[in-house]
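Subject: Handover of a structure and notes on it

Dear colleague,

Please find the structure below, followed by an account of what was found in it.

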Amino acid sequence: MTKTSFKLRDVEFKNRVLVASGTFGYGDELKDLVDVNMLGGMITKSLSWKPRDGNPPGRIAETTGGMLNSIGLANIGVHHFVKDKLPYLKTLNTVVIVNIAASSIDEYCDVLSLLDQEAAVDGFEINVSCPNVKEGGLSFGTDCDATAEITSRLRRLTEKPLIIKLTPNVTHVSEFAKAVARAGADAVSLINTVIGMAVDIKTRKPRLSTVTGGLSGPAIKPIALAKVYEAAQSVDIPIIGIGGIASAEDALEFLLVGASAVQIGTMNYVDPSASVKIAQGMAEFAARNNVGDLAEFVGALDANVEFSVLQSWL
Amino acid sequence: MVQEIATVTGRNEVADGIYVVKFSSAHISRTSLPGQFVNVRVGNGFLPLLRRPFSVCRTQDDEAEIVFNIVGEGTRILSEKEPGEKIDVLGPLGTPFGYQKGVDTAIMVAGGLGVAPFPLLTQKIRNQVKRIETFVGAATGRKLWTEHLENVHAATDDGTKGFRGTVVAQLAEFLESNKVLHPKIFGCGPTRMLHALSDLAKRYEIACDLSLEGDMACGMGICQGCPVERVNGTKKYSLVCTDGPTFDSREIVLQA
């Protein structure tokens with residue numbers, strides 16, 4: 001049997017596959033179709049202090065091998081979550097990470113403090129990288145000092161795993177990874193969506209109401225791999241790789257470039273059982289290749305660093 | 001709701017560029033209610049990446065049918081499926097039409113491929129209403145598909161078949177010259193047609209359910225990709241996939 005588990009602080013994940021925020025709801029919506037207990041963990045839809053309506057219609061557009069979204073953090077708010085969603089999440093036998101989005105540092109702190117008392121919440125992922133809202137989101141995520149400040153403020157409020165979700169929409173993601181590592185984050189997850197756009201040539205209108213949105217899906221996997229590799233070269237804290245993963249092979253690529261675990265996002269929409277299949281496929285690949293622990297793949301890329309262009313900016 | 005790898009059991013071009021694909025799924029066939037939909041993955045590749053939603057058109061024993069025209073790569077692939085090939089089907093999804101009580105006359109109004117949910121509605125409602133009147137509009141007579149419907153009034157933009165003009169104009173003429181007892185309108189079609197139908201329903205004070213389309217990824221309320229603005233209520237938006245695709249026309253704001 002291949003060992004698949006890993007730990008963040010004292011939280012043990014049974015395998016290295018998690019479902020990404022916004023692609024698995026609050027856990028209960030998909031319970032008839034997929035056994036979430038087969039996963040390393042689930043990450044909730046982003047929660048803010050108050051419910052958010054989200055952006056006007058024109059929120060989704062399919063593009064080549066991917067999709068654009070501009071949901072605008074539509075969510076039920078943290079109080080509704082505690083009352084109506086947490087009781088179900090308590091019954092799960094897997095790690096539950098709550099994703100938090102906010103438009104001020106105080107709001108991040110308030111939401112985290114309220115949830116930190118809940119035993120069913122195992123940890124936090126902080127969304128400082130949503131490209132689809134005017135306040136918060138990218139205005140924090142593209143500002144290295146603000147990202148670090150949010151991290152250190154939240155670090156003081158919780159002993160649970162604190163993961164900062166980083167945007168690829170910056171020049172050097174390694175600077176952000178280093179800043180949040182110094183500020184006390186337990187891990188970084190990347191990448192959030194890549195800013196993108198699509199146009200309807202008949203109406204001459206953008207296909208998203210907010211003109212631009214976030215690109216996800218298999219189309220962004222090469223970008224995500226490069227960003228994860230860059231971050232892995234610059235920090236020692238664990239990295240959770242995200243971006244277009246559709247198969248166990250894709251997931252193993254992320255481990256090789258330095259991710260300790262991965263998140264599956266867009267593919268959950270396409271095939272609700274994709275994440276479970278990927279977790280099983282990773283273990284099977286390891287067993288076939290006589291690898292006793294998936295940890296052996298992490299950062300095991302055989303690259304000639306001497307020729308790596310990336311080294312010049314690390 | 002199930003996710004099934006279903007076998008295609010039939011494919012026909014039933015009108016010019018309009019295809020019916022039949023597939024076997026006991027669960028979907030036996031549990032689908034009129035107005036509900038299935039979300040179909042046409043292949044294992046990434047082009048197209050997402051599933052495509054289709055109204056459940058008709059059910060018979062352990063088989064269900066969808067109807068569509070070719071608008072992109074997904075529907076092109078689907079139109080070329082041969083019996084025996086597989087499709088990945090998720091459903092039934094969404095909220096069905098409200099037709100349970102107090103309706104004596106069901107008035108179904110379809111624009112183009114908006115005909116999709118009405119064979120199943122006809123099938124399920126036939127024995128509980130006194131009268132069904134069905135208005136089906138298309139650009140031209142060759143694109144008109146009116147099978148499995150009752151008391152069909154056809155309308156075409158070019159007048160090659162039936163009434164010359166829009167299906168809503170035809171319904172207005174009908175309502176002027178006919179008495180209908182406890183009617184309810186069920187509409188499906190392009191947004192411009194739904195606007196006109198919704199206005200007409202208000203004018204004649206007839207209850208009206210509309211089946212909407214929306215760009216969606218999951219079809220299950222997770223991606224939040226398919227909002228429709230509400231007239232009032234505690235939240236600003238409903239979702240086409242779970243709160244709909246059928247809505248009371250008085251409760252939503254149709255897009256311009």
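Two strands are said to pair if DSSP finds at least two bridges between them. Helices (H or I, at least four residues) and strands (E, at least two) are DSSP runs, numbered from the N terminus. The model is predicted: local features need pLDDT of at least 70 and side-chain atom pairs count only at pLDDT 80 or more, while totals for chains, interfaces and linings use all residues. Residues are numbered from 1 along each chain as its sequence is written, and chains are lettered from A and ligands numbered from 1 in the order in which they are written.

Sheets

In chain A, 4 strands form an open sheet with antiparallel pairing, in the order 5-6-14-11. Strand 5 (60–63) and strand 11 (194–197) of chain A are at the edges with a single partner strand each, so one side of each has no neighbour in the sheet. Within this sheet, strand 6 (residues 66–69) and strand 14 (residues 212–216) of chain A are joined in the antiparallel sense over 3 bridges. Opposite A:Met67 stands A:Ser216, in strand 14 of chain A.

Chain B has an open sheet of 3 strands, in the order 15-14-17, and its pairing is antiparallel. Its edge strands, strand 15 (237–239) and strand 17 (252–253) of chain B, each pair on one side only. Strand 14 (residues 227–230) of chain B is paired with strand 17 of chain B over 2 bridges, and B:Glu229 has B:Val253 as its bridge partner.

Strand 7 of chain A

A residue is called buried if 20 or more other C-beta atoms lie within 10 Å of its own, exposed if 12 or fewer, and partly exposed in between, with C-beta atoms placed from the backbone. Because 6 of the 6 residues of strand 7 (residues 95–100) of chain A are buried, this strand is largely enclosed by the rest of the structure. A:Val95, A:Ile97 and A:Asn99 lie on one side and A:Val96, A:Val98 and A:Ile100 on the other. Strand 7 of chain A pairs in the parallel sense with strand 4 (residues 41–43) of chain A over 3 bridges, where A:Gly41 is the bridge partner of A:Val95. Strand 7 of chain A also runs parallel to strand 8 (residues 123–127) of chain A, and 4 bridges join them. There, A:Ile126 stands opposite A:Ile100.

Helix 4 of chain B

Which residues of helix 4 (residues 167–177) of chain B are buried? They are B:Val167, B:Val168, B:Gln170 and B:Leu171. On the other side of helix 4 of chain B, B:Glu176 and B:Ser177 are exposed.

B:Val152 lies in strand 10 (residues 152–156) of chain B. B:Val152 counts as partly exposed because it has 18 C-beta neighbours inside 10 Å.

Contact between the chains

Residues are in contact if their C-beta atoms, placed from the backbone, lie within 7 Å.

Leaving aside neighbours within four places in sequence, A:Val188 is in contact with residues including A:Ile163, A:Leu166 and A:Ile239.

Yours sincerely

Key:
Contact = placed C-beta atoms within 7 Å.
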